[in-house]
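Reader: I am new to this structure. Please pick one part and take me through it closely, step by step.

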Amino acid sequence: MAHAGIKTVILLSFVLAVGFLLIILSCALWSNWLPLLVALTFVMAPLPNALFARCGGDDFSTEYDGSGPVDLGRFITAFVVVTGFALPLVLAHSEVIAPGACAMSITGGALVYGTILAYSATFKEASSDFD
């Protein structure tokens, strides 16, 4: 585990809480719970990368040959992230949710996904020579 201080953990948890607060407020203030789907998409977004990351090539090759499963995981992740940003815009355009709910939902979703990325980058395990 990388060396990260307690201040990093506190900051990441605060930003994550603010992101979820914005998403929940975007639902509660306008009495429409469809923007809550954004939280689901941004929480599910890193999973394909995590699942397909181990499907890469062998540890002995030095060049990148282009692993199909790893690229598929990145594609699915990108698809889910774009869906997380586009879904509130489509719902606001079709007047299912209010424009304020759309803005709060996108901002909260960006904070949640950014926190997940920052957490995974901060606590990424260093590769060992003996693995």
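Author: Start with two helices. α2 and α5 are roughly parallel to each other, a label for angles under 35 degrees, where over 145 is roughly antiparallel, 65 to 115 roughly perpendicular and the rest oblique. Their axes cross at roughly 20° and come within 9 Å. Such axes are lines fitted to C-alpha atoms over the stretch in contact, with angles from 0 to 180 degrees between N-to-C directions.

A note on the source. This is a predicted model, in which local features need pLDDT of at least 70 and side-chain atom pairs pLDDT 80 or more, while totals for chains, interfaces and linings use all residues. Residues are numbered from 1 along each chain, and side-chain values use heavy atoms, without hydrogens or water.

Now the contacts, meaning heavy atoms within 4.5 Å. From α2 come V38, F42 and V43. On the α5 side they meet S105, G109, A110, V112, Y113 and I116.

Follow F42 from here. The whole structure holds 3 aromatic pairs, that is, Phe, Tyr or Trp rings (for Trp, the six-membered one) with centres within 6.5 Å. F42 and F85 have ring centres 5.1 Å apart and planes at 75°, so this pair is edge-to-face (over 60 degrees; under 30 is stacked, the rest tilted). The pair links distant parts of the chain. F42 sits in α2 (residues 36–44) and F85 in α4 (residues 68–93), 43 residues apart. F42 is buried, at 0% relative accessible area. F85 is partly exposed, at 31%. Buried means under 20%, exposed over 50%, and partly exposed in between, with a 1.4 Å probe and protein chains only.

F42 also pairs with Y113. That pair is tilted, at 5.9 Å centre to centre and 40° between the planes. It too joins distant parts: α2 holds F42, α5 (residues 99–122) holds Y113, and 71 residues separate them. Both F42 and Y113 are buried. Together, F42, F85 and Y113 form one aromatic cluster.

Last, the setting. The protein chain has 5 helices and 0 strands; helices are DSSP runs of H or I, at least four residues, and strands are E runs of at least two. Of its 131 residues, 27% are buried.
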